[in-house]
Amino acid sequence: MLSTDSLDFLDDLKANNNRDWFLANKKRYDIFKKDYHHLVTSFLDAMKPLDPSLELLEIKNCTFRINRDIRFSKDKSPYKSHIGVWLSSGTKGNNRAGYYVHIERGASFIAGGLYAPVPDDLKKVRKEIAFFHEDLESIIENKVFKKEFGTFSRNDKSCLKNPPRGYDKDHPAVELLKLKSFEVLQKFDVTEITQKDFVSKMSKKLILLKPLNEFMNRALTAEEEF
């Protein structure tokens with residue numbers, strides 16, 4: 001769980017997103033940061049027994065800096081007014097599927113899968129789907145999975161209009177092959193995060209994404225056949 005004081009800090013930061021306000025409220029930030037790290041620790045404690053691939057993760061692997069990268073952004077607000085928890089076996093420069101918790105008033109959600117992979121990784125995933133689409137279909141068509149997370153997001157940014165180069169329009173998994181991103185999500189109200197059972201409740205939902213993450217990571221780590 002996260003304290004109401006931490007949510008209030010995020011709300012106030014969003015309304016006063018400037019360096020002067022942040023420095024004047026540094027003590028509040030320090031308390032918020034400890035609360036944030038405690039939440040991450042709780043998720044690690046809950047998820048590691050359920051997914052052994054997370055065993056080596058530490059807090060530093062799962063948190064995000066509050067400073068925004070504004071170099072290429074029109075929005076020059078210096079700080080993030082949301083927090084995220086990212087649980088994945090990936091390492092720096094080594095993208096992997098994983099579990100994500102996003103906390104933001106009016107836009108909180110849990111998610112999993114592989115978000116917007118780089119071209120080389122996308123080719124690997126499509127190759128895996130082309131040969132083993134039945135495996136992926138059995139995961140995303142599972143009744144419990146569909147009830148909690150629906151299906152992959154499809155929009156102009158995440159999906160091609162036509163089959164990718166090298167794949168036939170009549171391929172049985174052509175709609176999956178058109179995807180450029182492979183994530184699913186479930187929204188929740190930010191007030192849920194102050195409840196004592198928040199972490200256990202969300203962990204039970206997140207672990208339903210384990211087969212999806214394993215399929216994606218299998219594609220990314222498969223050795224090339226010669």
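These legends accompany close-up views of a predicted model.

**View 1. An open sheet of four strands, paired antiparallel.** The strand order is E1-E2-E3-E4. Strand E1 (83-88) and strand E4 (182-187) form the edges, and each pairs on one side only. From one strand to the next, the twist averages 15°. Strands of a sheet pair through backbone hydrogen bonds, in a parallel or an antiparallel sense.

**View 2. The pairing of E1 with E2.** Strand E2 covers residues 98-103. Six bridges join E1 and E2, in the antiparallel sense.

**View 3. The largest pocket, with a volume of about 1,200 Å³.** Its lining holds 40 residues. Closest to the pocket centre are Asn-61, Thr-63, Phe-64, Trp-86 and Tyr-100.

**View 4. The lining of the largest pocket, by element and by residue class.** Strands E1, E2, E3 and E4 each supply at least two lining residues, and so does helix H3 (26-47). How many lining residues are nonpolar, polar and charged? The lining divides into 17 nonpolar, 17 polar and six charged residues.

Note on methods. Residues are numbered from 1 along each chain as its sequence is written. This is a predicted model: local features need pLDDT of at least 70, side-chain atom pairs count only at pLDDT 80 or more; totals for chains, interfaces and linings use all residues. Side-chain values use heavy atoms; hydrogens and water are left out. Two strands pair if DSSP finds at least two bridges between them. Axes are lines fitted to C-alpha atoms, for helices over the stretch in contact, and angles run from 0 to 180 degrees between N-to-C directions. On a 1 Å grid over the protein atoms alone, a cavity is a set of points where a 1.4 Å probe fits but cannot get out, and a pocket is an open set with protein on both sides within 12 Å along at least five of seven lines; lining residues have an atom within 4 Å of a point. Grid points are joined across faces, edges and corners, and a volume is the space filled by probe spheres set on the points. Ala, Val, Leu, Ile, Met, Phe, Trp, Tyr, Cys and Pro count as nonpolar, Asp, Glu, Lys and Arg as charged, and the others, Gly among them, as polar.
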